[in-house]
Amino acid sequence: MVKQLPGIVEPDDGDGHRTGRRGVVRYLHDEASPSAPRMLLGRALRDWREERGLKQQEVARRLGFSPSKLSRTESGHHEIKEQDLHRLLAIYEITAPQEQQALIDLARIAGQPTWWHPWSAVAQRYLQTVVSFEDLAVRIRSFDVLYLHGLLQTKAYAQALIERGRGTRDTHLQLVNLRSERHTRFATAKHKKMICVIHEGVLRHPVGTREVMAEQIDHLITLSQDDNRFQIRLAEFDCTDMPIELGATTIFDFKGRVPKIAYAESLDGGLFIQDETMVDNREKAFDKLLVRSLEPEATRLKLQQLATDHYR
């Protein structure tokens, strides 16, 4: 089920429905969950409604919806029809063509088949939600303290890591192929950038053989040379005042007036965080990590040293 974090309470919007900019934290495991376009469209529509000072039940009445249907639309669990979206644009007085088009584009993308559908039988649903955010984001910021981010992994590293989990060999191979496809699509898409801070411990605790790790480090060096696509920084063991308690976190940035979202990985699921204060806190911790990490060229030299000292 979708769980809400304790202590995060949303303000009442009348009729017993909860809304508001705070309190949007979802823990997803293997339940049906909204894709990124639908979740972000719902969030954007809710923000517009709040900005206009309108209550959920009032807008629902004007649309001929039940309040629960509008609530599901704003949470991303209900697909909105094109004519209803245009009615909402009028109700919220969204007249700027660029702002209108951003919402229309999100609705259009949300209704299209996903490229990762062939893997839907083997990929957990929370992972499919992560992939949908990767697909939509224009910038991804990531901190890794245990394992490398999926978009950075070689096929051999991914296979060694995935084989630690449950499932058949065929399932493992399909998940490895999905991970490779994720990287290919991100690396070849236009106007996308990834900024990664990798804790040194990630590379000092091997996944697979020495050969796998040596190849993986070489791959990181190669990726880091593509400054327009990947910026990779290493957080050294002996650097003081590193807020590594941030944990494995990814922050997604999108085009236009679409709020950013943070994702915190766990063993068998993850937190999708839309709460503005919580996302802001994670951004500040990430920025602090970025500043205290090695610059790109120093990172490449350190990576070469790690490979030589431990895996060659």
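Predicted model: local features only at pLDDT ≥ 70, side-chain atom pairs only at ≥ 80, totals over all residues.
## Helix α10 and its surroundings

Helix α10 comprises residues 210–224. Its buried residues are Val212, Met213, Ala214, Gln216, Ile217, Leu220, Ile221, Leu223 and Ser224. The elements that cover these buried residues include the helices α7, α8, α9 (200–204) and α12, together with the strands β3 and β4.

## The packing of α10 with α12

Two packed helices are described by the angle between their axes and the distance between the axes. For α10 and α12 (residues 296–310), the angle is about 170° and the axes lie 10 Å apart. Because angles over 145 degrees count as roughly antiparallel, α10 is roughly antiparallel to α12.

On the α10 side, the contact involves Arg210, Ile217, Leu220, Ile221 and Ser224. On the α12 side, these residues meet Arg300, Leu303, Gln304, Leu306, Ala307 and His310. By class, the residues of this contact divide into six nonpolar, three polar and two charged.

## Helix α8: a buried side

Helix α8 (residues 169–188) has 20 residues, which should span 28 Å at 1.5 Å a residue; its end C-alpha atoms are 29 Å apart, in agreement with that expectation. The buried residues of α8 are Thr171, His172, Leu175, Val176, Leu178, Arg179, Arg182, His183 and Phe186. They cover an arc of only 155° around the axis, which means that they are on the same side of α8. An α-helix has 3.6 residues a turn, so residues three or four places apart point the same way.

On the other side of α8, Arg169 and Thr188 are exposed. The buried residues pack against the helices α6 (125–136), α7 (155–162) and α10, and against the strands β2 (139–144), β3 (193–199) and β4 (230–235).

## The crossing of α2 and α3

Helix α2 (residues 56–63) and helix α3 (residues 67–75) have axes that come within 8 Å and cross at roughly 105°. The two helices are therefore roughly perpendicular to each other.

In this contact, Gln56, Gln57, Val59, Ala60 and Leu63 of α2 meet Pro67, Leu70, Ser71 and Glu74 of α3. Five of the contact residues are nonpolar, three are polar and one is charged.

## Two individual residues

Aspartate 227 is located in the loop between α10 and β4. Its relative accessible area is 46%, so aspartate 227 is partly exposed. Apart from neighbours within four places in sequence, aspartate 227 is in contact with Lys193 and Arg300; Arg300 also takes part in the contact of α12 with α10. The C-alpha atoms of aspartate 227 and isoleucine 244 are separated by 24 Å, the two residues being 17 residues apart along the chain.

Isoleucine 261 belongs to strand β6 (residues 261–265). With a relative accessibility of 1%, isoleucine 261 counts as buried. When neighbours within four places in sequence are left aside, isoleucine 261 is in contact with Met39, Phe133, Thr250, Ile251, Phe252, Phe254, Phe272, Ile273 and Gln274. Isoleucine 261 and alanine 137 are 124 residues apart along the chain, and their C-alpha atoms are separated by 9.8 Å.

Definitions and conventions. Residues numbered from 1 in each chain as written. Heavy atoms only, no water. Axes fitted to C-alpha atoms, helices over the stretch in contact; angles between N-to-C directions. Helix = DSSP H or I, 4+ residues; strand = E, 2+ residues; numbered from the N terminus. Parallel < 35°, antiparallel > 145°, perpendicular 65-115°, else oblique. Contact = heavy atoms within 4.5 Å. Nonpolar A, V, L, I, M, F, W, Y, C, P; charged D, E, K, R; others polar. Expected span 1.5 Å × (residues − 1). Buried < 20%, exposed > 50% of the residue type's maximum accessible area, 1.4 Å probe, protein only. Arc of directions from axis to C-beta.
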